[in-house]
Amino acid sequence: MTKVTLISGSTMGSAEYVAEHMAEILEELGYETDIQHGPELDDLTLEGIWLVVSSTHGAGDLPESIQPFFDAIEESSPDLSQVMFGAVGIGSSEYDTFCGAIHKLDTLLSEKGAKRIGECFEIDIQKHEIPEDPAGEWVKIWANEL
């Protein structure tokens, strides 16, 4: 059974809810899941499939819960060439830094050798009051690319 590690960074809980909802769908599709809300880099195996979900805080910033994970990757420069990942951002298109946090994570993971599966998915809370809904539809399509 293929395992997907869901990594979330959230300020108000939206990214956590989205990650948990996507994990339920992945499990229904036959995947094993591991949910890590704001993990330390040492908590993760540097191989396999990661699905990173992050809201954007402030002016395109990462939520505090995932900042240490980002900093550890940036500072220690681990080899992530054995990691494949998906990227899901939650934000408001009212801001010019819309989904800035997931784009920072996406860029960093790619720079360290990880390979993204599919496109970076952006959820606009101006269009989707319940971000779990579009995320649930997207993850079904994303899972077909695994």
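The largest pocket holds about 290 Å³ of space. A pocket is an open set of points on a 1 Å grid over the protein atoms alone, where a 1.4 Å probe fits, with protein on both sides within 12 Å along at least five of seven lines; its volume is the space filled by probe spheres set on the points. Select Ser55, Thr56, Ile90, Gly91 and Ile125: of the 18 lining residues, these are the closest to the centre of the largest pocket. A lining residue has an atom within 4 Å of a point. By class, the lining has seven nonpolar, eleven polar and no charged residues; Asp, Glu, Lys and Arg count as charged, Ala, Val, Leu, Ile, Met, Phe, Trp, Tyr, Cys and Pro as nonpolar, and the others, Gly among them, as polar.

The model is predicted, and local features need pLDDT of at least 70, side-chain atom pairs 80 or more, while totals for chains, interfaces and linings use all residues. Residues are numbered from 1 along each chain, and side-chain values use heavy atoms, without hydrogens and water.

Next, switch to a cartoon view. There are four helices and six strands, in the sequence order β-α-β-β-α-β-α-β-β-α. Both are DSSP runs: helices are H or I with at least four residues, strands E with at least two.

Now show the C-alpha trace, which spans about 35 × 35 × 20 Å along its principal axes.

Finally, colour by burial. Of the 146 residues, 47% count as buried, meaning under 20% relative accessible area with a 1.4 Å probe, protein chains only.

Terms used
Buried < 20%, exposed > 50% of the residue type's maximum accessible area, 1.4 Å probe, protein only.
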